[in-house]
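Student: I would like to go through this structure and ask what stands behind each label.
Tutor: Then look at the sequence and the model, and ask.

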Amino acid sequence: MAGTDLSWAGAGAIVSSLLGDRYAVIVGSLGASPALGIEAPAPSTYEGRLQQEGTLPRFVRASEIAAAERRTHDYRYFPLDQATIDHADAVLHIPTGVDAATLAERILALPGVEQVVASEENGSPKGAWGDRFFHVGADRRQPFATIVEHDVPGFDEASQLDRPGVLRLNLDLGRTEFERRFGFPPKDFEEHRHEFDFARLDTVVPHPGYALYGFASVVMPGPHLLPEVDQLLAVAHARAVDRHERAVRRTAGKQE
């Protein structure tokens with residue numbers, strides 16, 4: 001093609017010519033990502049200024065974004081610059097990704113919660129090392145929440161946790177909340193199993209192995225799902241507190 005002048009329009013340009021004012025360009029912006037090892041941006045950068053406005057993802061009109069410094073570039077993320085913003089209608093800023101440590105911090109902030117991390121030292125099977133179990137009180141038989149990063153061959157593989165960097169949060173919702181959430185009681189789960197994609201990210205579904213006991217799960221909950229996750233955690237935590245208090249009363253009654 002030497003000596004030939006060529007030009008072509010991308011898909012966006014073609015759609016824009018057809019839709020006119022109904023077409024918008026939305027640019028993605030990322031604050032921090034524990035999973036990718038991206039630290040929080042400097043306050044003087046575009047992302048840093050967007051980061052200061054809140055902890056949940058949000059849209060910002062490009063015209064409202066003032067000039068700022070360009071973030072240092074590496075292969076993990078292409079930062080915002082003025083030219084990109086000038087050609088956009090809006091920016092979708094996502095403050096942070098969610099990893100196991102971030103989820104664990106939210107759970108441990110609840111009253112009376114203790115964490116057990118499976119390891120060789122505490123006798124856990126090798127396939128579970130690194131998984132986290134959260135309890136209220138001294139009873140370790142039934143965690144109200146767990147964070148797991150491994151498939152259990154032959155039993156729990158539907159979530160495809162063998163994918164790199166993938167984790168799953170599991171929550172003990174109990175029969176009432178489970179039925180309110182999914183529209184059927186835990187005992188009827190097998191009749192509805194085919195309705196769910198257990199490997200889908202960022203979606204609350206029945207637990208593929210323990211739904212019969214009122215457990216739900218979510219693979220890789222995203223930032224926008226955290227308020228809903230907090231609500232479900234509150235339900236699971238309240239159940240654990242109630243179990244613990246009843247156990248304490250039973251023990252006190254026997255001693256009397």
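Student: Leaving aside its neighbours within four places in sequence, which residues is R49 in contact with, and how do you know that?
Tutor: The residues are P43, S44, A66, A67 and A68. Contact means that heavy atoms lie within 4.5 Å. This is a predicted model, in which local features need pLDDT of at least 70 and side-chain atom pairs count only at pLDDT 80 or more, whereas totals for chains, interfaces and linings use all residues. Residues are numbered from 1 along each chain as its sequence is written, and side-chain values use heavy atoms, with hydrogens and water left out.

Student: Where is R49 placed?
Tutor: R49 is in helix 2, residues 46-51. Helices are DSSP runs of H or I with at least four residues, strands are runs of E with at least two, and both are numbered from the N terminus.

Student: Why is R49 called partly exposed?
Tutor: Its relative accessible area is 39%. Buried means under 20%, exposed over 50%, and partly exposed in between, with a 1.4 Å probe and protein chains only as cover. The value for R49 therefore falls in the partly exposed class.

Student: How far is R49 from Y23?
Tutor: Their C-alpha atoms are separated by 27 Å, and the two residues are 26 apart along the chain.

Student: What makes strand 1 and strand 3 a pair?
Tutor: Two strands pair if DSSP finds at least two bridges between them. Six bridges join strand 1 to strand 3 (residues 90-96), and the two run parallel. In one of these bridges, G28 has L92 of strand 3 as its partner.

Student: In which sense do strand 2 and strand 3 pair?
Tutor: They pair in the antiparallel sense, over four bridges. L92 in strand 3 is the bridge partner of F59.

Student: In what order do the three strands form the open sheet?
Tutor: The order is 1-3-2, with mixed pairing. Strand 1 and strand 2 (58-61) stand at the edges with a single partner strand each, so one side of each has no neighbour in the sheet. From one strand to the next the twist averages 30°; axes are lines fitted to C-alpha atoms, for helices over the stretch in contact, and angles run from 0 to 180 degrees between N-to-C directions.

Student: Why is strand 1 called mostly covered?
Tutor: Five of its seven residues, 26-32, are buried.

Student: What makes strand 9 largely enclosed by the rest of the structure?
Tutor: Five of its five residues are buried, so the strand is largely enclosed. F215, S217 and V219 point one way, and A216 and V218 the other. In a regular strand the side chains alternate between the two faces of the sheet.

Student: What is the N to O distance for E177 and R180, and is each one buried or exposed?
Tutor: Their salt bridge has an N to O distance of 2.7 Å. E177 is buried at 13% relative accessible area, whereas R180 is exposed at 59%. The two are three residues apart in helix 5 (residues 174-182), about one helical turn.

Student: Why does D188 count as buried?
Tutor: Its relative accessibility is 19%, so D188 counts as buried. K187 forms a salt bridge with D188, with the closest N and O atoms 3.4 Å apart, and K187 counts as exposed at 65%.

Definitions and conventions:
Salt bridge = Lys/Arg side-chain N within 4 Å of Asp/Glu carboxyl O.
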